[in-house]
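Hello,

Here is the structure we talked about. Please open it first, then read on.

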Amino acid sequence: MRAFLGASVGKKLIVGLSGLFLILFLVVHLAVNLTMFAGRDTYNAVAHWMGTNPAILAMRPVLAAGLVVHILVSSYLAWSNWRSRPERYAMVDAAGGSTWASRHMFVLGGLVILFLGLHLSSFAIPMTFGSPPLAENSPVMKDAYALVTARFGLWWYVSLYTAAMVFLGLHVAHGLQSAIQTVGLSNRRWRRRWARVGNVYAAVVAVGFASLPLYFFIQSQVGSA
Amino acid sequence: MRIQLKIWRQETATHKGGFVTHVLDDVSREMSFLEMLDYLNTTLIERGEEPVVFEHDCREGICGCCSLYINGRPHGPGKETTTCELRMTKFADGDTIVIEPWRSKAFPVIRDLMVDRTALDQILQAGGFISANTGAAPEANSIPISKERSDEAFDAAVCIGCGSCTAACPNGSVMLFVAAKVSQLALLPQGQPEAKRRAWAMMAKADELGFGACSNTAACEAECPKGIDIGHIARLNRELFRGGFGSLATAAS
Ligand code: FES
């Protein structure tokens, strides 16, 4: 096991598998978010269920562990890759064929993490540990809807959110096909298909997430005008 | 035509190198890139200066000796060409051409533009061989192999081992080279006896030599003078599984 973890291919497999796990999580998260479009009561009920269901709560540490592993192992790889070229090139023309996203996964991931900090501090942490106002029609349900829409009325928050979703989309677009390649489920024909699947998936996730802040921001502007 | 060359000059592996600019006045468009460098060296020698050291042998794209990172790309501009196949028609009068050696911890500079690529041989020695005694060329139909399979194996076998995959890779990974070597053997019956340990042994060697880890950017494939597909890297990854990741590295030896 030590040799497996010591080898770059072992570490890559861990990054790929944890990445795929996080990619799956994204779509679940998105589905929950989209219930906001169904209105305050539905969203609050879903948020309450997510915050109290034991199975969901049990998944939280697993998710956190997956994220931490993904970050630590990929950072280590990025660092050792950097060291594999002690003298850098004076001129690099990447016109060849690699995508910009594929060459900047570390930076894109870092930006997503920065946003994640803001995101957790503005939503998940107050919902879990704080005591935000309760929903009108329930003695226990927190008014998640109000918490979120208040944030989505702030231009700077909405801008950061949208930018972060672009970074996330680019990261996932390369990440998905890259993970598939690392687990060996690709070949000459399939890699183009996987690339397309990755791009579509990333676009759905990025647009899906960004649609909420944009929608509610516009609504708040129209409402206050 | 007039060409300005910014060339990396470095006396030995331990000396500090740097760029030196040389101007060549009457370069003809008919010259190959290496002939242009020969011409530069002739003028340098005539002036009593040290010629630029660079590697070359066959000059017809089959030996893998030539290297050179030209204007930010291994083997220079153009698809599926080696430096020796590159012509000066790709450049225009007044151009500045930046020439650097392959950059990798595993390829130390010997002098100027020449690097030591022994690391590639060491990877092959770790597993890129077969032990079956194949004797003389066998009767072609005695072991039936499908057309697709032999084509795929051949596509991998065209690797000339020049190292441009590593030179192109933003991570300095050698995975396309290893993939080509593993693939050609994994697809054919002669490669089976060692199949379970080959991929792991070669990748472990690559790590040890200081190559980076592939992150599937496909920069290697774009610059490979033989157009080797990264689909072979996916096969290499499957071969790692097949060998049980070196049986989890021989139960954590
Ligand atoms: S000199 Fe032989 S491949 Fe270029």
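Which domains does the domain assignment of chain B give? It gives two entries: domain 1 covers 3–111, and domain 2 covers 118–252. Keep in mind that this is a predicted model.

**Inside chain B**

Start with the two domains. Their centres, taken over C-alpha atoms, are 29 Å apart. Domain 1 of chain B puts 19 residues into the contact, and domain 2 of chain B puts in 19 residues.

How much area is buried between domain 1 and domain 2 of chain B? The value is about 1400 Å². Carbon and sulfur atoms give 56% of that area. On the side of domain 1 of chain B, three residues lose the most area to domain 2: B:P74, B:E80 and B:F107. Together they make up 31% of what that side buries.

Look for B:R73 and B:E223, which form a salt bridge. Their closest N and O atoms are 2.8 Å apart. Between the two domains of chain B there are also 3 residue pairs in polar contact, counted with both residues at pLDDT 80 or more. The side of domain 1 of chain B that touches domain 2 has 8 nonpolar, 7 polar and 4 charged residues.

**A sheet in chain B**

Now find the strands. Chain B has an open sheet of 5 strands. Their order is β2-β1-β5-β3-β4, and the pairing is mixed. Which strands of chain B are at the edges? They are β2 (18–24) and β4 (73–74), and each pairs on one side only.

Strand β1 of chain B spans residues 3–9 and pairs with β2(B) in the antiparallel sense, over 7 bridges.

**Chain A**

Turn to the partner chain. Chain A has 9 helices and 0 strands. Along the sequence, its pattern reads α-α-α-α-α-α-α-α-α. The C-alpha atoms of chain A fill a box of roughly 60 × 45 × 35 Å along the principal axes.

**Where the chains meet**

How many residues of chain B are in contact with chain A? The count is 52 residues of chain B, against 41 residues of chain A. The size of an interface is often given as the accessible area lost when the parts come together. Between chain B and chain A, about 3700 Å² is buried, and carbon and sulfur atoms give 53% of it. In chain B, the residues that lose the most area to chain A are B:R103, B:K105 and B:N216. These three account together for 15% of what that side buries.

There are 5 salt bridges between chain B and chain A. The count of residue pairs in polar contact between these chains is 26, with both residues at pLDDT 80 or more. Several elements of chain B each supply at least two residues to the side that touches chain A, including β5 (96–100), α3 (147–157) and α6 (195–208). Helix α8(B) gives the most to this side, with 8 residues. By class, the side of chain B that touches chain A has 27 nonpolar, 14 polar and 11 charged residues.

One residue to look up is B:D229. It forms a salt bridge with A:R191, with the closest N and O atoms 3.4 Å apart. B:D229 also forms a salt bridge with A:R188, where the closest N and O atoms are 3.7 Å apart. Why does the pair of B:D229 and A:R188 join two chains? B:D229 lies in the loop between α7 and α8 of chain B, and A:R188 lies in helix α9 (residues 188–224) of chain A, so the pair joins two chains. Over all chains, the rule counts 19 salt bridges.

Best wishes

Note on methods
Residues numbered from 1 in each chain as written. Chains lettered and ligands numbered in written order. Predicted model: local features only at pLDDT ≥ 70, side-chain atom pairs only at ≥ 80, totals over all residues. Heavy atoms only, no water. Domains from an automatic or database assignment. Contact = heavy atoms within 4.5 Å. Buried area = accessible area lost by both parts, 1.4 Å probe. Salt bridge = Lys/Arg side-chain N within 4 Å of Asp/Glu carboxyl O. Polar contact = N/O pair within 3.5 Å; in protein donor to acceptor, adjacent residues only side chain to side chain. Nonpolar A, V, L, I, M, F, W, Y, C, P; charged D, E, K, R; others polar. Pairing = 2+ DSSP bridges. Helix = DSSP H or I, 4+ residues; strand = E, 2+ residues; numbered from the N terminus.
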